[in-house]
Amino acid sequence: MTSPVVWQDAFDRATAAATSLGLVVKDALAQDQETNTGPWIYFETASASSGRLGMGEIVDEETGQIWLHLMVRRGTGAIDAVTKRKALSVAFRVPVAPLPAGLFYDDQGFDPPDDDQTGNWIRFSLMVDYRYQDIVLPAS
């Protein structure tokens, strides 16, 4: 499960970086159905695990990935997309705002575009690993 703190921080960082590039970040579950005429970023998260750090431990650690899929029109060339994807990665390496307590962004991966994709759009993906630790409060 992705914690709301992680989702919101990552979405805000991606949006701030994308805005400076003239791009829009779209939430996977709230994106509009309009026809896109320019590049945009499809945002999603994938949690790998979540659990207490040890028996009786009150700290819970969640790990997972933030995925930013930069969608570019086929035939426009790769260099502009690679440049934009690099700028997006910086937002998670050199944060412009403080991280929420317990949130850490770690390694990144870059998924190459698949030339065998059909349609008018090609995907350039950035994956950011994260760790999030918070306190599990006992039930009252």
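1. Lys84 counts as buried, its relative accessibility being 14%, where buried means under 20% relative accessible area, exposed over 50% and partly exposed in between, with a 1.4 Å probe and protein chains only. The residue lies in helix α2, and, once its neighbours within four places in sequence are set aside, Lys84 is in contact with Leu21, Leu23 and Leu70, contact meaning heavy atoms within 4.5 Å.

2. A word on the basis of these values. This is a predicted model, in which local features need pLDDT of at least 70 and side-chain atom pairs count only at pLDDT 80 or more, while totals for chains, interfaces and linings use all residues. Residues are numbered from 1 along each chain as its sequence is written, and side-chain values use heavy atoms, with hydrogens and water left out.

3. The protein chain has two helices and five strands, arranged along the sequence in the pattern α-β-β-β-α-β-β; helices (H or I, at least four residues) and strands (E, at least two) are DSSP runs, numbered from the N terminus.

4. Helix α1 (residues 4-20) packs against helix α2 (residues 79-93) at an angle of about 135°, and their axes are 9 Å apart; the axes are lines fitted to C-alpha atoms, for helices over the stretch in contact, and angles run from 0 to 180 degrees between N-to-C directions. The two helices, α1 and α2, are therefore oblique to each other, given that angles under 35 degrees count as roughly parallel, over 145 as roughly antiparallel, 65 to 115 as roughly perpendicular and the rest as oblique.

5. On the α1 side the contact is made by Ala10, Arg13, Ala14, Ala17 and Ala18, and on the α2 side by Ala87, Leu88, Ala91 and Phe92. By class, the contact of α1 with α2 has eight nonpolar residues, no polar ones and one charged, where Ala, Val, Leu, Ile, Met, Phe, Trp, Tyr, Cys and Pro count as nonpolar, Asp, Glu, Lys and Arg as charged, and the others, Gly among them, as polar.

6. Ser47, placed in strand β2 (residues 40-52), is partly exposed, with a relative accessible area of 27%. From C-alpha to C-alpha, Ser47 and Ile66 are 8.5 Å apart in space, although 19 residues separate them in sequence.

7. For the chain as a whole, 32% of the 140 residues count as buried. Among contacts in the protein chain with a separation of 6 or more, 65% are accounted for by residues 24 or more positions apart.
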